[in-house]
Amino acid sequence: MEKANKESQSPLSFLKNLLIARWRSLLLVLIGVYLPLQVFEILTVKIWENQAGFPWDVPILLAVHSTANPQLDVLAVTLAIIGLPWMAIPILGAIALILLLQKRWRSLAYLLIVSLGSVIINRTAKELMHRIRPQLWESIAPESSFAFPSGHAMTSITLVAILLSLTWAGSWRWLVLTFGSLYIIAIAWCRLYLGVHFPSDILAGWMVTLGWTIGVSIIIKPYTTKVKSVDSELPKNETTLLPEEEKLINQE
């Protein structure tokens, strides 16, 4: 019995049980954080070496442009305006105010950190990379800033990630996920249709924002919202320990 207790409390046993208890989080870190950031790194290095981009950039742009017509022109310009990073400020501000009034500190912290972080990442990457926008045809909505990564792509995923964090515990998450995905794709399409971004700009924006938003969510856990006061004692569902980990700690 004593031998079994010693083995159960050994560092190796504790590590094994901890990995078993946290395998979902580790898998999420691998798929949702590491892999997107790895793709972003590959894109960044390749574009740093060759500003022209990838062999598939221009063919995809030309294929999208081949569908141009007056109706799609109006749709693309409208989506470009809706997807502007500045257009997200009133929406995020309203959500932040509601969270502040409801004292949902985790969700509010997630919104502020993710949104501000996305802006900083985007501006920093653009200034470092200095990638010129495509000039394959005269755009009906030209842009003068640098192209890599796409600010529209990053803003769309950031907004959807915040909305998902607020609805994750309810049935609304599937509606947000469905329409949010369509919104992200539509914003990406309009940037290609208007000829102001290479496909690699869009992909890079998606990848770095996925890694950022998922990584922050793992740390902050914004879907845990039952907090009455920032100074009050945290309830049980605010803990970052799983029942298996608490049991292991209590054994010690």
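Visitor: How many helices and how many strands does the secondary structure of the chain come to?
Guide: This is a predicted model, in which local features need pLDDT of at least 70 and side-chain atom pairs count only at pLDDT 80 or more, while totals for chains, interfaces and linings use all residues. Residues are numbered from 1 along each chain as its sequence is written, and side-chain values use heavy atoms, with hydrogens and water left out. Helices (H or I, at least four residues) and strands (E, at least two) are DSSP runs numbered from the N terminus, and on that basis the chain has eleven helices and zero strands.

Visitor: What share of the residues in the chain is buried?
Guide: A residue is called buried under 20% relative accessible area, exposed over 50%, and partly exposed in between, using a 1.4 Å probe and protein chains only. Of the 252 residues in the chain, the buried share is 40%.

Visitor: Are α7 and α10 roughly parallel or roughly antiparallel to each other?
Guide: Axes are lines fitted to C-alpha atoms, for helices over the stretch in contact, and angles run from 0 to 180 degrees between N-to-C directions. The axes of α7 (residues 105-129) and α10 (residues 199-220) come within 10 Å and cross at roughly 155 degrees. Angles under 35 degrees count as roughly parallel, over 145 as roughly antiparallel, 65 to 115 as roughly perpendicular and the rest as oblique. The two helices, α7 and α10, are therefore roughly antiparallel.

Visitor: Which residues in α10 do the residues of α7 meet?
Guide: Contact means heavy atoms within 4.5 Å. From α7, the residues taking part are R106, A109, Y110, I113, V114, G117, S118 and I121, and their partners in α10 are V208, T209, W212, T213, V216, S217 and I220.

Visitor: At what angle do α9 and α10 pack?
Guide: Helix α9 covers residues 172-193, and its axis lies 9 Å from that of α10. These two helices, α9 and α10, are roughly antiparallel to each other, and the angle at which they pack is about 150 degrees.

Visitor: How far apart in space are Q38 and G211, C-alpha to C-alpha?
Guide: Q38 belongs to helix α3 (residues 23-49), and Q38 is partly exposed, with a relative accessible area of 28%. In sequence, Q38 and G211 are 173 residues apart, whereas in space, from C-alpha to C-alpha, they are 9.3 Å apart.
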